[in-house]
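Here's a quick tour of the fold you're about to look at. Have the viewer open and follow along, starting with how the pieces pack together.

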Amino acid sequence: MRPPHPLCVALIDRLEPRASIIECGIGSGRNRRALHAAGFVVDDFSALAPGRRYDGALSTHHLLHGTQESIATDLERLADALRIEGTLYATFGSTGDERFGRGRKLAPHVFAPTSGDEIGVPHTFWDEADLRSLLDQRFRIESLDEIIVDDIAGRWAHQEQPLHNAVHWFAILLRQ
Ligand SMILES: C[S@@+](CC[C@H](N)C(=O)[O-])C[C@H]1O[C@@H](n2cnc3c(N)ncnc32)[C@H](O)[C@@H]1O
């Protein structure tokens, strides 16, 4: 069974069992299994309970896909659904990633692969200044680190072309 993402493990360490969590993009279910095993109550980002304020949110490799505008919209929705001081653990694409600048250019920081497992899927890559100014709008940034994720992103999601020098931002954020 695939291990959960390191940010999922860190979120589990931080919050109390029974905490209410939003998960963005279930994928293989590796994170969902770990969140349930830890006793969290998990709702999917695509089906949030109206009016509910959650204790935490997890987004691994989800806010990577899309455009800068769609990612900003998703962040707004996440902020609205979290309680004040609720925690968001999230990854974002980095301009340090080898895929930045490759494939079909859709916008200055948005590229879609022209081959492989994610052909045609837009990926947005952020430099630190742009990402901080986006996150600062609704969150306090507790930490923001650039991490090589070749072994974390999952060969299962990139079977045709395994990742090489894939770099993500790991953000730990508090809803203001
Ligand atoms: C590789 S999966 C990651 C799943 C899970 N969060 C994990 O880390 O194991 C990528 C996720 O990005 C989300 N996504 C958002 N926009 C997408 C798009 N345009 N194309 C493909 N996936 C997209 C999907 O919901 C999908 O679950």
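The buried residues of helix H1 pack against helix H2 (30-37), strand E3 (54-59), strand E4 (82-94) and strand E9 (167-175). Keep in mind that this is a predicted model.

**Helix H1**

- H1 runs over residues 6-14, and its buried residues are Leu-7, Cys-8, Leu-11 and Ile-12.
- Looking down the axis of H1, you'd find those buried residues within an arc of 140°, so they line one face of the helix.

**The nonpolar core**

- The largest nonpolar core has 35 residues, and Ile-21, Ala-57, Leu-58, Leu-88 and Phe-92 touch the most other members.
- At least two residues of this core come from each of H1, strand E1 (20-24), E3, helix H3 (68-81), E4, strand E7 (123-126), helix H4 (128-135) and E9.
- The biggest giver is E4, with 5 residues.
- Which residues does Leu-58 contact, leaving aside its neighbours within four places in sequence? They are Leu-7, Cys-8, Leu-11, Ile-21, Glu-23, Cys-24, Asn-31 and Tyr-89.

**Strands and their pairing**

- E3 has 6 of its 6 residues buried, so the strand is largely enclosed by the rest of the structure.
- E1 pairs with E3 in the parallel sense over 4 bridges, and Cys-24 stands opposite Ser-59 in E3.
- E3 also pairs with E4, again in the parallel sense, this time over 5 bridges; here Tyr-54 stands opposite Leu-82 in E4.
- E4 and E7 make a parallel pair over 2 bridges, with Gly-93 opposite Phe-125 in E7.
- Is the pairing of strand E6 (residues 110-112) with E7 parallel or antiparallel? It's antiparallel, over 2 bridges, and Phe-111 stands opposite His-123 in E7.
- Within E7, His-123 and Phe-125 point one way while Thr-124 and Trp-126 point the other way, and all are buried.
- Side chains in a regular strand alternate between the two faces of the sheet.

**Around the ligand**

- The ligand is surrounded by 14 residues, and the closest are Gly-25, Gly-27, Thr-60, His-61 and His-65.
- What's the make-up of that shell by class? There are 10 polar, 3 nonpolar and 1 charged residues.

- Glu-85 has a positive phi of about 70° although it is not a glycine. Glu-85 lies in strand E4 and counts as exposed, with 10 C-beta neighbours inside 10 Å.
- Asn-165, another residue other than glycine, has a positive phi near 55°. Asn-165 sits in the loop between strand E8 (139-148) and E9, and is exposed, with 11 other C-beta atoms within 10 Å.

- Pro-4 is in the segment before H1. Why does Pro-4 count as buried? Because it has 22 C-beta neighbours inside 10 Å, and 20 or more is the cut-off for buried.
- Pro-4 and Ala-153 are 149 residues apart along the chain, yet their C-alpha atoms are separated by 10 Å. Leaving aside neighbours within four places in sequence, Pro-4 is in contact with Val-9, Arg-30, Asn-31 and Ala-34.
- Glu-16 lies in the loop between H1 and E1 and counts as exposed, having 9 C-beta neighbours inside 10 Å.
- Gly-96 is in the loop between E4 and strand E5 (104-107). With 18 C-beta neighbours inside 10 Å, Gly-96 counts as partly exposed.
- Gly-96 and Ile-148 are 52 residues apart in sequence and 9.2 Å apart, C-alpha to C-alpha. Not counting residues up to four places away in sequence, Gly-96 touches Glu-146 and Val-167.

Conventions. Residues numbered from 1 in each chain as written. Predicted model: local features only at pLDDT ≥ 70, side-chain atom pairs only at ≥ 80, totals over all residues. Near = placed C-beta within 6 Å. Nonpolar A, V, L, I, M, F, W, Y, C, P; charged D, E, K, R; others polar. Buried ≥ 20, exposed ≤ 12 C-beta atoms within 10 Å, placed from the backbone. Arc of directions from axis to C-beta. Contact = placed C-beta atoms within 7 Å. Core = buried A, V, L, I, M, F, W, Y, C linked by C-beta atoms within 7 Å. Pairing = 2+ DSSP bridges.
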